[in-house]
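Dear colleague,

I am handing over the structure we discussed. Please look through it first; my notes follow below.

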Amino acid sequence: LKDFWLEKLCLEGHSNAVTCVSWSPDGTKVASGSVRVADGNVSGELFIWDSTSGAKLLELKGHSFTVMSVVWSPDGTKLASASRDHTVKIWNALTGELILTLKGHSSYVTSVVWSPDGTKLASTSEDKTVKIWNAVTGELILTLQGHSHFVKSVDWSPDGTKLASASNDRTVKVWNAVTGELILTLKGHSAAVLSVNWSPEGSQLASASYDQTAIVWDSISGEQVATLKGHTGALRGVAWMQKGDSDPETGVGSSMLVTASDDKTLIVWDGATGQQLKQLRGHD
């Protein structure tokens, strides 16, 4: 486990702060987003890298402002990106060709995520909404309204029936992804919630906040399971990673959480106990 957490590679090439990163489903590539400012002109910067050699494979050009989120389709053939230019774009991940541009948000688009079956996208925006799109046609399917401030993050449940969204209004909301009905509002953070992620088996949610904590929630009842404290800066991201095999009888696995913070560290946690397992340093 110790060797697993050693730094493997440093990808260098962006001209400004890196705002998002995403692994391809097969682990062979990495996509990253940023902003380029050159000669007074601003544009989004989106790269695809070889995860073994670190070589830059493709640059995807089309966004006119900062790329805030990038994510691979479940089959690894496409990328979706969200930008401050108010759009979501879908790309051919093999050629870099732009396939679709989704327009409908009236402010910065802060995150985007594919549905588990790859047929839909969900996006969040500083216009306080979550939108669900047909990923094939680009048609807007639903607009979810209920947050009172910027929405910063969204994630689909593993079975694709629900969405969870995180907002500057200090809440996480759980929605019916088919009807758009609001199911739960999770309150517990004392500052903006910047990231939300479903556990692999779908029974829990994790949220990360500017209040320097992450909270693990029961996704059905909305009850707080654990509060993770250890960072000394705002938390910008949280993600579950599977550790070991699932229990064949319950379908529940032993899982770990990773949080990313303004304190320039990552912390690995035991999602079941809230115990801090490892702190990773390296960013300056």
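**What was found**

K128 sits in the loop that connects β10 (120-125) to β11 (129-134). Keep in mind that this is a predicted model. Most residues other than glycine have a negative phi. K128 is not a glycine, yet its phi is positive, at about 75 degrees. K128 counts as partly exposed, because its relative accessibility is 38%.

H86 also has a positive phi, of about 80 degrees, and is not a glycine either. Where is H86 found? H86 belongs to the loop between β6 (78-83) and β7 (87-92). With a relative accessibility of 30%, H86 is classed as partly exposed.

**The chain as a whole**

The protein chain has 24 strands and 0 helices. Its radius of gyration is 18 Å, which agrees with the value near 19 Å that a compact globule of 284 residues would have. Along the principal axes, the C-alpha atoms fill a box of roughly 50 × 45 × 35 Å. Among contacts between residues at least 6 apart in sequence, 38% join residues at least 24 apart.

**One of the sheets**

An open sheet is formed by 4 strands in the order β17-β18-β19-β20, with antiparallel pairing. β17 (193-198) and β20 (224-229) each have a single partner strand, so one side of each is left without a neighbour in the sheet. On average, neighbouring strands of this sheet are turned by 20 degrees against each other, direction ignored. Strands of a sheet pair through backbone hydrogen bonds. Within this sheet, β18 (residues 204-209) pairs with β19 (residues 213-218) in the antiparallel sense, over 5 bridges. A206 has V216 of β19 opposite it.

**Salt bridges**

How many salt bridges does a search of the whole structure find? The search finds 4; among them are the following.

- R36 and E45: the side chains meet in a salt bridge, at 2.8 Å from N to O. R36 is partly exposed at 26% relative accessibility, whereas E45 is buried at 1%.
- R36 and E59: in this salt bridge the closest N and O atoms are 2.8 Å apart. E59 lies in strand β4 (residues 56-59) and R36 in strand β2 (residues 29-38), so the pair ties together parts that are 23 residues apart in sequence. E59 is partly exposed, with 28% relative accessibility.
- E126 and K152: here the closest N and O atoms are 3.6 Å apart. The pair links distant parts of the chain, since E126 is in the loop between β10 and β11 and K152 is in strand β13 (residues 151-156), 26 residues away. E126 is buried, because its relative accessible area of 16% is under 20%. K152 is partly exposed, with a relative accessible area of 21%.

Through shared partners, salt bridges join R36, E45 and E59 into one network. To place E126 on the model, go back to the loop between β10 and β11, where K128 also lies.

Regards

Methods:
Residues are numbered from 1 along each chain as its sequence is written. This is a predicted model: local features need pLDDT of at least 70, side-chain atom pairs count only at pLDDT 80 or more; totals for chains, interfaces and linings use all residues. Side-chain values use heavy atoms; hydrogens and water are left out. Two strands pair if DSSP finds at least two bridges between them. Helices (H or I, at least four residues) and strands (E, at least two) are DSSP runs, numbered from the N terminus. Axes are lines fitted to C-alpha atoms, for helices over the stretch in contact, and angles run from 0 to 180 degrees between N-to-C directions. Buried means under 20% relative accessible area, exposed over 50%, partly exposed in between (1.4 Å probe, protein chains only). The radius of gyration is taken over C-alpha atoms; the globule rule is 2.2 Å times the number of residues to the power 0.38. Contact means heavy atoms within 4.5 Å.
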